[in-house]
Amino acid sequence: MPDDVLLAAEGLRGGYGASPVLLGVDLYVGRGEVVAVIGRNGVGKTTLMRTLCGLLQPTAGRIRFGGRDVTAEPADRRARGGLAYIPQGRDVFPTLTVRENLLVAEAARTSTNKPDYAGIFRSFPVLNERERQSAGTLSGGQQQQLAIARAMIGEPTMMLLDEPSEGIQPSIVQEIAGHIRRLNTETGLTVLFVEQNLDLIVSLADRGLVMDKGRIVARLDGADIRSRDVVKRFLAL
């Protein structure tokens, strides 16, 4: 484990009521990394993300973020501490405009400075073009850009993304990967993402974690996560 760990989970267990899903997850993400969590449907990936961000409370184990124990902290406090979460399906406010969606996100800011809208629109120019358009009328790829931009209003140090390619045309997947990588490179944003899209995984991740039956069963280094054959094999587990 590197010295500069931003997020770590130890012995994480949890689920929904009496139904256990996570059965002892150990992981770490170093500051500035882009890490993929891969595996079949139903192995606990979304439950892991919801537990890391605070929407679900673990029944055992510990979560540390930014050097402090956040295991018992609610999701809103973790968000204000720099941990952003974009769920599967994006969850933009469909009846609000693009600009209004971004304004809503200002409530999660701890800084009193005005958000850098100019920088956000440089990263996502289509949002500037469609600033007054209702979010529900955007394409899937544009909604994903809006969800990422909305999260960036809070100036997070880390972003959790659950299947960012879901519902997006294949031709747009690499565009989304480019947006995420650019934010990582330009701002130092750390990223942990759940994904099953092979192209997005191999083009974006620095390394990978393979989940099966509520546990991390394999850890893929940079060479492995960039190998389509290796990743394909683990996606079929």
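Buried means under 20% relative accessible area, exposed means over 50%, and partly exposed lies in between, worked out with a 1.4 Å probe on protein chains only. Keep that scale at hand for the exercises below.

This is a predicted model, in which local features need pLDDT of at least 70 and side-chain atom pairs count only at pLDDT 80 or more, while totals for chains, interfaces and linings use all residues. Residues are numbered from 1 along each chain as its sequence is written, and side-chain values use heavy atoms, with hydrogens and water left out.

**Exercise 1. Classify Arg99 and Glu131, and find what joins them.**

Step 1. Arg99 has 25% relative accessibility, so Arg99 counts as partly exposed. Glu131, at 22%, is partly exposed because of that value.

Step 2. A salt bridge is a side-chain nitrogen of Lys or Arg within 4 Å of a carboxyl oxygen of Asp or Glu. The closest N and O atoms of Arg99 and Glu131 are 3.0 Å apart, and the two form a salt bridge.

Step 3. This pair links distant parts of the chain: Arg99 sits in helix α3 (residues 98-105) and Glu131 in the loop between α5 (125-129) and α6, 32 residues apart. Helices (H or I, at least four residues) and strands (E, at least two) are DSSP runs, numbered from the N terminus.

**Exercise 2. How many salt bridges does the structure hold, and which residues does the network join?**

Step 1. The total is eleven salt bridges.

Step 2. Look at Asp199 and Arg228, whose side chains meet in a salt bridge (2.6 Å, N to O). Here too the pair links distant parts of the chain, with Asp199 in helix α8 (residues 198-204) and Arg228 in helix α10 (residues 228-235), 29 residues apart. Asp199 is partly exposed with a relative accessible area of 36%, and Arg228 is partly exposed with 41%.

Step 3. Salt bridges that share partners join Arg68, Glu73 and Arg77 into one network.

Step 4. Glu73 counts as buried at 8% relative accessibility, whereas Arg68 counts as partly exposed at 30%.

**Exercise 3. Describe the surroundings and backbone of Glu163.**

Step 1. Glu163 lies in the loop between β7 (158-162) and α7 (170-187).

Step 2. Its relative accessible area is 12%, so Glu163 is buried.

Step 3. Glu163 has no salt bridge, and the nearest side chain of opposite charge, Lys45, is 4.9 Å away. For charge, Lys and Arg count as positive and Asp and Glu as negative, while His and the chain ends are not counted.

Step 4. Contact means heavy atoms within 4.5 Å. Leaving aside neighbours within four places in sequence, Glu163 is in contact with Asn41, Gln88, Gln144, Val194, Glu195 and Gln196.

Step 5. Now the backbone. Most residues other than glycine have a negative phi. Glu163, however, has a positive phi near 50°. Glu155 also has a positive phi, of about 50°, although it is not a glycine; Glu155 is found in the loop between α6 and β7.

**Exercise 4. Is helix α1 largely enclosed or open?**

Step 1. Seven of the nine residues of α1 (residues 45-53) are buried, so the helix is largely enclosed by the rest of the structure.

Step 2. The buried residues are Lys45, Thr47, Leu48, Met49, Thr51, Leu52 and Cys53.

Step 3. Just after α1, Gly54 takes a positive phi of about 105°.
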